[in-house]
Amino acid sequence: MVFSSLFFIFVFLCLNLIIYFRVQDIQKKNIVLLVFSLIFYSWGGVRYVFLLLGMALASWYAAVRIDRAGEDGTEKKKWMIAGCVILLGLLAVFKYTGFFFRTFDAVTGLSDFVPDIALPIGISFYTFQLLSYVADVYRGEVKAQPKYWKILLYCSLFHQCIAGPIVRYQTVAEEIDSRRVTIGDLTVGIRRFSVGLAKKAILANACASVADKFLQDPASAPTAGLWLGMLFYMLQIYLDFSAYSDMAIGMGRMVGFHYLENFNYPYIATSVQEFWRRWHISLSTFFRDYVYIPLGGSRKGNAMTVRNLFIVWFLTGMWHGASWNYILWGLYFFVFLVLERFVLRKYLDRLPAAVGWIYAMFVVLIGWVLFRFESLPQLGQVLSGMFGAGGRSFTSMSVHYSFLNNLFLLIFCAIACTPLGSMLRRAAYVEADKRQTPAVVCYWADAVTPAVLTILSFIALVGNSYNPFLYFQF
C-alpha cells in the first residue's frame, strides 16, 4: 500500500481519520494510530511485522536499562552498544548479506552461493530512528520511554515508517502523550498532503515515463536521449521523494504531530555542500550528529576531517543500497565536498550565483547517473554515451518529439522544484495586509487548492499503473 494509491487515500486514510477523531482520550487515539500503522506495514508482508516488533523491543529494553544505570557510565555504555549492535546487525543481515556474498564470490571465485533474503520495506528508515532513540537516551538528551508500545508507535507510525523522514524521538516525545489538533493544523495538513499527492501522481510519474523511455535501454539511446532521460530522472527523484515527505508531514499534522522538514528546494543550490544541506535533511543531520561529530568532525585538523567525511559518505552510499554503484555515488560526493572545503570554496564565493548553480546541478546530475544504474557495465555505457563516446548518434526524431511533447511538463516540474509557489502565496497575503483588506481571495484559494489538486491527482491515478515511491527500495 502506497500513499498515492486510491485505496489508501479514499479508504485507509479516511477510515483512520474518522476513527481517530471519534475517539477522545489521547491514549486511545495512540492505539488507533498503532493499529492502523501495523496494518499498513503488514500490507507489504506480515512476517516482517515481527522484525519491526523485535527491533522496537530491543531498542526499548536497551534504553530502559541505560536509564536505570544512572551514573554508571560503564553500564550505560554496555547497553547502548548492545542496542546498536542488535539494530545494525539485523539491518546488515537483511540488507547486505547478499551483497557481501556476491562481492566475495566475484573477488575469490570460491563460492557461487548467494542467499536470497528479501529486504523488509522501510528497514533502513526505522532502524535509524531507533538508533537515534537509543543514542539520545545514552546522551541524556531524552528520557527513556517506560512503555514499550509507545516506542513501537514511534517507529511504526505509518506516516513516515516506510520512507521517512527519519523522525527523532525527541521531536515527537511530548506529542505522543499530549497533543491537540486545531482547525489550522488540519487545514495545513490537508494542503500539504494534497501538494505531495499532486507532485507524485501528476509530475513525478510523468517524469518517470519519459526517463524510462530513454534509460531502460541506454545502449541504443542517442546522446541527447540520455541527457534528456537523466534530466527527467533528476526531476523525478526529487518530486517523488519530496512528495512522500510532504504527504508524511501533512498526515502527521492532521493528527497533531509536527515532523521536521526533509527538503528545502535542493535544486536551487549553488554548491554541492548547499545541495546536501537542502536534500534529505533528516538523513544528513543523522550522519552529522551520530557519526561525523562523534568522530571529531572538523575539530582535529584537515587530515582527520577528510577521514571523517570519507567515513560518512561511504556509509551514506551503503545506507542507500547494497550495490557498488551506491558506494561510488557516496564517494563521488565525498570528493566534491572535500574539493569545495579545501579548494573550490574561495572561487565559488567570487563567481556569480548562476555559475555556481550550473556547476552544482551538473555535479548532481552526474551523481544521479551513478545512483540510478546498479549494473556497472550499464553505468559505464551511460556515462560514456552522455559524452559522445562509442560512435553513437547525437540525437534522433524520437528525442526531438519527446522533448517538444514534454516541454510544458519540464517547465512545470522545474517550477515545482523552486519556492516560487510559496513566495507568490506569501506575497498575496502581504499585499492584502498592506491594503488593509480581508484576504478573502487568499483564503478561498487556500481552501480550494487542495480539492483541485486531489481531483487532478485522482484523474491521473485512475487506470494508471503508477510507479511505487523510489525510496521504498531503501
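Start with Lys29 and Tyr20. The charged end of Lys29 sits over the ring of Tyr20, 4.3 Å from the ring's centre. Keep in mind that this is a predicted model. There is another case to look at. Arg372 lies over the face of Phe373, and here the distance to the ring centre is 5.4 Å.

Now rings with rings. How many aromatic pairs are there? The count comes to 58. Let me show you two.

Take Phe128 and Phe287. Their ring centres are 5.7 Å apart. Their planes meet at 75°, and over 60 counts as edge-to-face, so this pair is edge-to-face. Where do the two residues come from? Phe128 is in helix α5, residues 123-139. Phe287 is in helix α11, residues 281-295. That links distant parts of the chain, 159 residues apart. Phe128 and Phe287 are both buried.

Next, Trp276 and Trp329. Their ring centres are 5.7 Å apart and the planes stand at 70°, so this pair is edge-to-face. Trp276 lies in helix α10, residues 272-278. Trp329 lies in helix α13, residues 324-350. So the pair ties together parts that are 53 residues apart in sequence. Trp276 is buried, and Trp329 is buried too.

Last stop: helix α9. This helix covers residues 223-254, which makes 32 residues. After α9 comes Gly256, with a positive phi near 100°.

Note on methods: Residues are numbered from 1 along each chain as its sequence is written. This is a predicted model: local features need pLDDT of at least 70, side-chain atom pairs count only at pLDDT 80 or more; totals for chains, interfaces and linings use all residues. Side-chain values use heavy atoms; hydrogens and water are left out. Helices (H or I, at least four residues) and strands (E, at least two) are DSSP runs, numbered from the N terminus. The expected span of a helix is 1.5 Å times one less than its number of residues. Rings of Phe, Tyr and Trp (its six-membered ring) pair if their centres lie within 6.5 Å; planes under 30 degrees apart count as stacked, over 60 as edge-to-face and the rest as tilted. Buried means under 20% relative accessible area, exposed over 50%, partly exposed in between (1.4 Å probe, protein chains only). A charge sits over a ring if NZ of Lys or CZ of Arg is within 6 Å of the ring centre and within 35 degrees of the ring normal.
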